[in-house]
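The following exercises concern one protein chain. Please work through each task before reading its solution.

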Amino acid sequence: MAMAAIPFIHIPSLTSKKTQQKASAEESFEFSFLTDIHLKPEMNAPLGFQMAIDKVNQLKPDFVLTGGDLVYDVMRGDYARSELLFDLYRKMSAGFQMPVYNCIGNHDLFAIYAESPEGSDHPDYKYGMWERYFGKTYYSFDHKGWHFIVLNSLDVTEDQRYRAIFQQDQLNWLAADLKNTDPSTPIVVTTHIPILSSHWQLKGQGGKVGVENSDEALRMLEGHNLKLILQGHIHWKEYGMVNDRFDFLTGGSIAGNGWKGRRHNTKEGFVQIKVQGEEFSWSYIDHGWEDERLKIQQSTTP
Ligand SMILES: [Fe+2]
């Protein structure tokens, strides 16, 4: 398709779409899911991200989906630093030779922490800077008979921390979006904060990590052909299936542990998904950053 040669960041604007066509069994395509990029000028992060971009371009997926935490970070930052980070991400992600669909993460919420010198009266506060750069924080799009829903899993508490929740206006939008979606259409949902995960059982963090009202969104998706939930946030690689109904996949991370090494022993990488008709398969792609990182560390250790 001619569009694949033109790099751009998708700016979502529509709130719902018309009825989708049923996925044809012969239709096949690939897409890449990159999450927790945590881009910043330091720690050789631009080199690591460029390696991921180059690897994606070699694989030639139809499009890229991100899972949030595009930069590190604008929650605490001042305006100039936050602009620099989003600008760096926008410029670098223009290097993808296919459309890029972005998801918002907690580190992408501008000035929400008390540590930030900017206040809640700033026009870019919370979602503002994101919206200026990337458009709506939740939206959907269609691709070759599949319906992709990108959610905003974040709000802010009164004591200036982030909160993992799907807000009511978004749930209303989701209900309308699903109403316009044929029940047979295969659906992929992307959310930064996981709504299903083994992380908290294994790490003992109680229910702290998940979206508070994930059940409300999942209940809306009953009766629809939900295939896959893509998740980020915990820099954790996991895959699961629920009752022969749908799968969930948490996609590791590009940044690892703040660009210093693996997080949870998960190698830095991204997920490549191959769709064939109504089925999909996936693999975790090592874009070579760990080898490069170790080389850099060795050469700088006295
Ligand atoms: Fe993250």
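A crossing of two helices is called left-handed if the near helix is turned anticlockwise from the far one by less than a right angle, and right-handed if clockwise. Helices (H or I, at least four residues) and strands (E, at least two) are DSSP runs, numbered from the N terminus. The model is predicted: local features need pLDDT of at least 70, side-chain atom pairs count only at pLDDT 80 or more, and totals for chains, interfaces and linings use all residues. Residues are numbered from 1 along each chain as its sequence is written.

**Exercise 1. Helix packing**

Task: Describe the packing of H4 against H6, giving the angle and the distance between their axes.

Solution. 

Step 1. Axes are lines fitted to C-alpha atoms, for helices over the stretch in contact, and angles run from 0 to 180 degrees between N-to-C directions. For H4 (residues 168–179) and H6 (residues 214–221) the angle is about 15°, and the axes are 10 Å apart.

Step 2. Angles under 35 degrees count as roughly parallel, over 145 as roughly antiparallel, 65 to 115 as roughly perpendicular and the rest as oblique. H4 and H6 are therefore roughly parallel to each other. The crossing of H4 past H6 is right-handed.

Step 3. Two residues are in contact if their C-beta atoms, placed from the backbone, lie within 7 Å. On the H4 side the residues are Leu171, Leu174, Ala175 and Leu178, and they meet Glu216, Ala217 and Met220 of H6. By class, this contact comprises 6 nonpolar, no polar and 1 charged residues. Here Ala, Val, Leu, Ile, Met, Phe, Trp, Tyr, Cys and Pro count as nonpolar, Asp, Glu, Lys and Arg as charged, and the others, Gly among them, as polar.

**Exercise 2. The sheet and its edges**

Task: State the strand order of the open sheet of 6 strands, and explain why one side of E5 and of E11 has no neighbour in the sheet.

Solution. 

Step 1. Two strands pair if DSSP finds at least two bridges between them. The order in the sheet is E5-E6-E9-E10-E12-E11, and the pairing is mixed.

Step 2. E5 (139–143) and E11 (237–242) stand at the edges with a single partner strand each, so one side of each lacks a neighbour in the sheet. From one strand to the next, the twist averages 15°.

Step 3. Met241 stands opposite Asp247 in E12. This hairpin has 3 residues between the strands, and Asn243 takes a positive phi near 50°.

**Exercise 3. Positive phi in loops**

Solution. 

Step 1. Most residues other than glycine have a negative phi, and most peptide bonds are trans.

Step 2. Asn265 lies in the loop between E12 and E13 (270–276). Although not a glycine, Asn265 has a positive phi of about 60°. Asn265 is exposed, because 10 other C-beta atoms lie within 10 Å.

Step 3. Gln160, in the loop between E7 (154–156) and E8 (162–164), likewise has a positive phi of about 60° without being a glycine. With 14 C-beta neighbours inside 10 Å, Gln160 counts as partly exposed.

Methods
Buried ≥ 20, exposed ≤ 12 C-beta atoms within 10 Å, placed from the backbone.
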